[in-house]
Amino acid sequence: VGDQCQLPATVLSQEAQSRGLDISMFDRLLSMGMEVQVLKEQYRMHPQIAAFPSWRFYQGVLRNGVSESARQRPPGLPVRAPVAFLHVDAVEQSKGPSKKNPAEADCLGMLVERIMRAIPQAQLSQ
């Protein structure tokens with residue numbers, strides 16, 4: 001059970017890549033002629049969020065099993081749309097192959113705190 005349209009595992013080891021470990025199980029099965037049943041309906045995301053993966057990975061055929069009214073934004077959030085891109089004016093730091101951006105992490109922490117305060121506790125436990 002799975003979905004070959006989702007993100008593959010990240011394989012950083014060149015040795016692992018040279019042995020074919022960067023090819024997912026689904027891609028292997030597809031290359032052997034396995035019949036594919038692609039996800040047709042999603043129930044987790046707000047329809048405006050689901051629009052991008054439907055277009056990019058599912059050729060526009062992924063449908064929503066939930067309505068926009070079922071995925072209402074809680075009042076009190078600092079953004080007014082189900083999808084938002086925020087610019088954080090900070091420089092990413094690198095150490096070897098790792099990267100970090102403490103200012104972005106702080107911004108995300110602030111957003112999560114505001115979301116948690118905006119959603120009633122009863123909703124969080126469902």
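Student: Is His 46 buried or exposed?
Tutor: In this predicted model, His 46 is found in the loop between E1 and H3; helices (H or I, at least four residues) and strands (E, at least two) are DSSP runs, numbered from the N terminus. Buried means under 20% relative accessible area, exposed over 50%, and partly exposed in between (1.4 Å probe, protein chains only). Because its relative accessibility is 10%, His 46 counts as buried.

Student: Which residues is His 46 in contact with, leaving aside its neighbours within four places in sequence?
Tutor: Residues are numbered from 1 along each chain as its sequence is written, and side-chain values use heavy atoms, with hydrogens and water left out. As the model is predicted, local features need pLDDT of at least 70 and side-chain atom pairs count only at pLDDT 80 or more, while totals for chains, interfaces and linings use all residues. Contact means heavy atoms within 4.5 Å. With neighbours within four places set aside, His 46 is in contact with Glu 68, Arg 71 and Pro 82.

Student: Within what arc do the buried residues of H3 fall, seen down its axis?
Tutor: Helix H3 covers residues 47–57, and its buried residues are Pro 47, Ala 50, Pro 53 and Ser 54. They line one face of the helix, because the directions from the helix axis to their C-beta atoms fall within an arc of 115 degrees.

Student: Which strands are included in what covers the buried residues of H3?
Tutor: H3 is followed directly by Gln 59, which takes a positive phi of about 50 degrees. The cover over the buried residues of H3 includes E1 and strand E2 (63–64).

Student: Which residues does Lys 40 touch, not counting residues up to four places away in sequence?
Tutor: Lys 40 is in the loop between H2 and E1, and it is exposed because its relative accessible area is 61%. Its C-alpha atom is separated by 33 Å from that of Ala 16, 24 residues apart along the chain. Beyond residues up to four places away, Lys 40 touches Val 61, Leu 62 and Arg 63.

Student: What is the area of the nonpolar surface patch that includes Leu 39?
Tutor: Leu 39 sits in the loop between helix H2 (25–31) and strand E1 (41–42), and it counts as partly exposed because its relative accessibility is 35%. Patch residues have over 30% relative accessible area and no salt bridge; like charges are joined within 9 Å, and nonpolar side chains (Val, Leu, Ile, Met, Phe, Trp, Tyr) within 5 Å. Together with Met 34, Val 36 and Val 38, Leu 39 makes a patch of about 270 Å².

Student: How far apart are the closest N and O atoms of Arg 19 and Glu 15?
Tutor: Side chains of opposite charge can pair when their charged atoms come close. A salt bridge is a side-chain nitrogen of Lys or Arg within 4 Å of a carboxyl oxygen of Asp or Glu, and by this rule the count is one. Arg 19 counts as exposed because its relative accessibility is 61%. Between Arg 19 and Glu 15, which form a salt bridge, the closest N and O atoms are apart by 3.2 Å.

Student: What radius of gyration does the protein chain have?
Tutor: The chain has five helices and four strands, in the pattern α-α-β-α-β-β-β-α-α, and its C-alpha trace spans about 50 × 40 × 25 Å along the principal axes. Buried residues make up 17% of the 126 residues. The radius of gyration is taken over C-alpha atoms, and the globule rule is 2.2 Å times the number of residues to the power 0.38. A compact globule of 126 residues would have a value near 14 Å, but the protein chain has 19 Å.

Conventions
Areas by Shrake-Rupley, 256 points an atom, 1.4 Å probe, with all protein chains shown as cover.
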